[in-house]
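These are my notes from a first look through a structure that was new to me. I began with the chain as a whole and then turned to the metal site.

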Amino acid sequence: MTTPLLIAQISDLHIKRPGEKAYGVVDTAAALDRCIAHLNGMRPQPGHVVISGDLVDGGKAEEYAHLRRLLAPLKAPFSLIPGNHDARETMRAAFPDQPYAQSSGSMHMRVAVGDLDLILLDSSVPGKPHGFLDAEALLWLDKILASENKRPALLFLHHPPFVTGIGHMDRQNLQNAGDMAAVIKRHPRVRIVAAGHVHRAVLTRFAGIPATICPAPNHAVVLDLDGSLVPSFAVEPPAFHLHAWFGERDELVTHCVPIGNFIGPHPFFGAGGNLL
Ligand SMILES: [Fe+2]
């Protein structure tokens, strides 16, 4: 079997100005540093890294400048889409070298990596926490998916188009998920819908295909499934998603990769082939 094409997804970086912590507690810059060190140490290297929104915490130019400096050591090429914490035009000014489909407004893009199309869909609504795809966005998605019918596509957006059971986050979902599902169902080349926003690893099915939420390198939204808490975060083990594409088999496998230094690797077997 040949080595898969690896698309790493990191999400919800929430970078602040240098020296500031998110909510006064979480050093999101240090968390991103650890994430990038982990990505840079991977063998094989990811062919591409997708950053699925909430790049910075407050949409400020200084935050994007800080993010740009933090991303500089990343060896793999990367692409990014905004989340509800981002500010489109400030983000576009900080990252003018990305292949945006439009020169203003929504920041959708298509990135070809090997035999895969990465479709990055901007689900943000300026000034609002929830996601929505207006008629223009849905038309762009339909057209970009129709522009090819053979190349498999991975679809990334910030806002999950499905519920997680965490009520205060579900209220900020993609509000017209049914409209997006209708487009996806017309284009069987989409292999996965990969979102962010919830800072947790989540797996389900949407529009007949696998759908995921990518965990974050910093803090997690607390897994509160009965609404007993006020909206809360906790610092849980950081992680990212690694989408492994086995092109010759037409199979996509998503790994949840913990970030950090752990003991190992240790061999299972001794020199004689005995299980240790
Ligand atoms: Fe978000």
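Among contacts in the protein chain between residues at least 6 apart in sequence, what percentage join residues at least 24 apart? I looked this up first, keeping in mind that the model is predicted, and found that 66% of those contacts do so.

Next I went through the overall build of the protein chain, whose secondary structure comes to six helices and 13 strands. Its radius of gyration is 19 Å, close to the 19 Å from the globule rule for 276 residues, so I noted the chain as being as compact as a globular protein of that length. Taken along the principal axes, the C-alpha atoms fill a box of roughly 65 × 50 × 40 Å.

I then checked burial and surface. Of the 276 residues, 52% count as buried, while the accessible surface of the protein chain comes to about 12500 Å², with 57% of that belonging to carbon and sulfur atoms.

Which residues are the protein donors of the iron ion? I found Asp54 (OD), Asn84 (OD1), His158 (NE2) and His197 (ND1), which lie 2.1 to 2.2 Å from the ion. In sequence, I wrote down the spacing of these donor residues as D-x29-N-x73-H-x38-H. The pair Asp54 and Asn84 links distant parts of the chain, 30 residues apart: Asp54 sits in the loop between strand E2 (48–52) and helix H2 (61–71), and Asn84 in the loop between strand E3 (78–81) and helix H3 (88–94). Both Asp54 and Asn84 are buried.

Last, I looked at the geometry of the iron site, which is irregular, with angles of 88 to 162° among its four donor atoms.

Note on methods
Residues numbered from 1 in each chain as written. Predicted model: local features only at pLDDT ≥ 70, side-chain atom pairs only at ≥ 80, totals over all residues. Heavy atoms only, no water. Donors = N, O, S within 2.8 Å, 3.2 Å for Na, K, Ca; no water. Tetrahedral: all angles 85-135°; square planar, octahedral: opposite > 155°, others 65-115°. Helix = DSSP H or I, 4+ residues; strand = E, 2+ residues; numbered from the N terminus. Buried < 20%, exposed > 50% of the residue type's maximum accessible area, 1.4 Å probe, protein only. Rg over C-alpha atoms; globule rule 2.2 N^0.38 Å. Contact = heavy atoms within 4.5 Å. Areas by Shrake-Rupley, 256 points an atom, 1.4 Å probe, with all protein chains shown as cover.
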